[in-house]
Amino acid sequence: MTCPYLEYRRSDGDQEFDHERPYCGVTEEFVSPMKADICNDRFQFDHESDCELYKDHVERLAEEPVADDD
Amino acid sequence: MSYQHYLDQRKLILTVATTGGVHGKDANPNLPEQPDEIARQVRECEKLGAAIVHVHGRDERGENDPERLQAVNDAIREECDDIVIQNTTGGQSPYENRVAGIRTDPPPEMASLDMGPFNRGQHIITEHTRHNIESLAREMKEKGVKPELEVFNNGHLNETYRLIEKDILDPPYYINVILGPGTFTIPTPENLLNMVNNLPEESHFNVLATGPHQLPLTTMGAILGGHVRVGMEDNLYYDRGEPAQSNAQLVERSVEIIERMGRDLATPDEARDILGIE
């Protein structure tokens, strides 16, 4: 399973590429080739345990206050 | 090797590391990734005096792919005259990917051999056990592949001695002293000097330093009688805030400095003689 925040983009405003490249929806930046192995859960990697960006993001989401119903 | 070797004007081996596995074109669009564009840049560097090329494979999206090593090797052989090909067995890959670097057809004349793990990110340590290192070294020996021993820190130098004591390596030992961030050796002139002072007998050393340390510490390595590696794998900038235009731009500057210091560059064949590559 790949990271839900992984996208593949061919351009990012200023930059345009011949091929799509891995892009992190959390940091809103392209990621390095080595990092993409973690985003894609390739080999022995798991984004949930190995990616600090994913972990921090999920923790922040969990800490966000929930609106009261009343 | 020593300062005396510099005074004696021993030949210097220049290695170019064009691509690596860390950066993509998003970091510098001039970084070559595909076999043909890597080979074209290698050819330019060979013409300038590079004797060895350190090779990584990428897929068409620019992500690491050891299966592309064969295509990159083929493209370099097609484009270049005689440069020594040194495939990677490094990075964070599992063993199957590491060993792909010495199972191309034909095998490369050289391959990198990390002397231990190092950290990447908050949760990753590159998996590189003593068992794996020894397995790679033994297969390299069987195939006549000369290992470049990647010494990322002092502890990795201990591991180099360990392999020598176990008679797994053949002299002369070619040791790449690596300075940079994270678990690499802290990049200072004093630390480079310390590493060089602790090298085994019968060894040659090469200096790899990342980013802004590439130019000053490789120059210092040349003065200490060592060899030099430059290229966009280790450094994406020509100057502060100025992205490198090509690998050749970095090689050209180093060649100029090395020659002005009075050292001659080794041709690929001379590099083979120095390193005992048959």
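Relative accessible area sorts residues into buried (under 20%), exposed (over 50%) and partly exposed in between, using a 1.4 Å probe and protein chains only. With a relative accessible area of 40%, Arg138(B) is therefore partly exposed. Arg138(B) belongs to helix 5 of chain B, residues 130–143; helices here are DSSP runs (H or I, at least four residues), as strands are (E, at least two), numbered from the N terminus. From Arg138(B) to Ser246(B) the separation is 108 residues in sequence and 36 Å in space, C-alpha to C-alpha.

A word on the ground rules before we go on. This is a predicted model, in which local features need pLDDT of at least 70 and side-chain atom pairs count only at pLDDT 80 or more, while totals for chains, interfaces and linings use all residues. Residues are numbered from 1 along each chain as its sequence is written, chains are lettered from A and ligands numbered from 1 in the order in which they are written, and side-chain values use heavy atoms, with hydrogens and water left out.

Let us turn to Gln214(B), found in helix 8 (residues 214–223) of chain B. Gln214(B) is buried, at 3% relative accessibility. Its side chain makes a polar contact of 3.1 Å with that of Asn235(B); the term covers a pair of N or O atoms within 3.5 Å, where within protein one must be able to donate a hydrogen and the other to accept it, and residues adjacent in sequence count only if both atoms are side-chain atoms. Leaving aside residues up to four places away in sequence, Gln214(B) touches several residues, among them Arg229(B), Asp234(B) and Leu250(B), with contact meaning heavy atoms within 4.5 Å.

Next comes the interface, where 23 residues of chain B are in contact with 25 residues of chain A. How many salt bridges does the rule find across the interface of chain B and chain A? There are 3, a salt bridge being a side-chain nitrogen of Lys or Arg within 4 Å of a carboxyl oxygen of Asp or Glu. Glu33(B) and Arg21(A) form a salt bridge through their side chains, at 2.6 Å, N to O.

Finally, the cysteines. The whole structure holds 0 disulfides over all chains, a disulfide being a pair of cysteine sulfur atoms within 2.5 Å.
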